[in-house]
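Reader: I'd like to learn how to read the packing inside a protein model. Could you walk me through this one?

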Amino acid sequence: MAAQLSTEDIRRFKQQAQQLRPTVLIGKQGLTEAVIKETDTRLTARGLVKVQVAGDDRQERLAIAEALCAATGAELVQHIGKQLVLWRPIPDEDK
């Protein structure tokens, strides 16, 4: 699991996320292995990812956010409406 983010980090990531479009979409089927794999791939490539979650149930969206973070080792930076912003450090390929 990623380290706890500081307030400064969260603010910086929120600012960066404003320019992002959702690149992972979670539909009616909910959190599937394919969605987890795609999110993991996007986090590895970019570090900061915006996820769009279908559905109107806020508690369900929060549960999806928690499960997705647990499955990918990411931190939830922001949950606003139907969008989640996730962050995970990009792996250092030199090592």
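Reader: Let's begin with the largest nonpolar core: which of its 15 residues touch the most other members?

Author: The general idea is that in soluble globular proteins, nonpolar side chains tend to be buried together. In this predicted model, the residues of the largest nonpolar core that touch the most other members are I26, V51, V53, L68 and L86. At least two core residues come from each of β1, α2, β2, α3 and β4. The biggest contribution is that of α3, which gives four residues.

Reader: What is V53 in contact with, leaving aside its neighbours within four places in sequence?

Author: With those neighbours set aside, V53 is in contact with I26, R61, I64, K82 and L84. There is also a second, separate core of seven residues, with L5, A17, L48 and W87 among them.

Reader: Now for a helix. Which residues of α2 are buried?

Author: In α2, the buried residues are V35, I36, T39 and L43. Looking down the axis of α2, you find its buried residues within an arc of 100 degrees, so they line one face of the helix. On the face turned away from that buried side sit the exposed residues E33, A34, K37 and A45.

Reader: What do the buried residues of α2 pack against?

Author: Their packing partners are β1 (24–26), β2 (48–53), α3 (58–72) and β4 (83–87). Leaving aside neighbours within four places in sequence, T39 is in contact with V24, L68, T72 and L86.

Reader: How far apart are the end C-alpha atoms of α2, and what span should its 14 residues have?

Author: At 1.5 Å a residue, the 14 residues of α2 (residues 33–46) should span 20 Å, and the end C-alpha atoms are 20 Å apart, which agrees. After α2 comes G47, with a positive phi near 85 degrees.

Reader: Before I rely on these details, what is the mean pLDDT of the protein chain?

Author: The mean is 91, and 94% of the residues reach 70 or more. Among the elements of the chain, β2 has the highest mean pLDDT, 97, while helix α1 (residues 7–17) has the lowest, 94.

Notes: Residues numbered from 1 in each chain as written. Predicted model: local features only at pLDDT ≥ 70, side-chain atom pairs only at ≥ 80, totals over all residues. Heavy atoms only, no water. Expected span 1.5 Å × (residues − 1). Buried < 20%, exposed > 50% of the residue type's maximum accessible area, 1.4 Å probe, protein only. Arc of directions from axis to C-beta. Contact = heavy atoms within 4.5 Å. Core = buried A, V, L, I, M, F, W, Y, C linked by side-chain atoms within 4.5 Å. pLDDT = per-residue confidence, 0-100.
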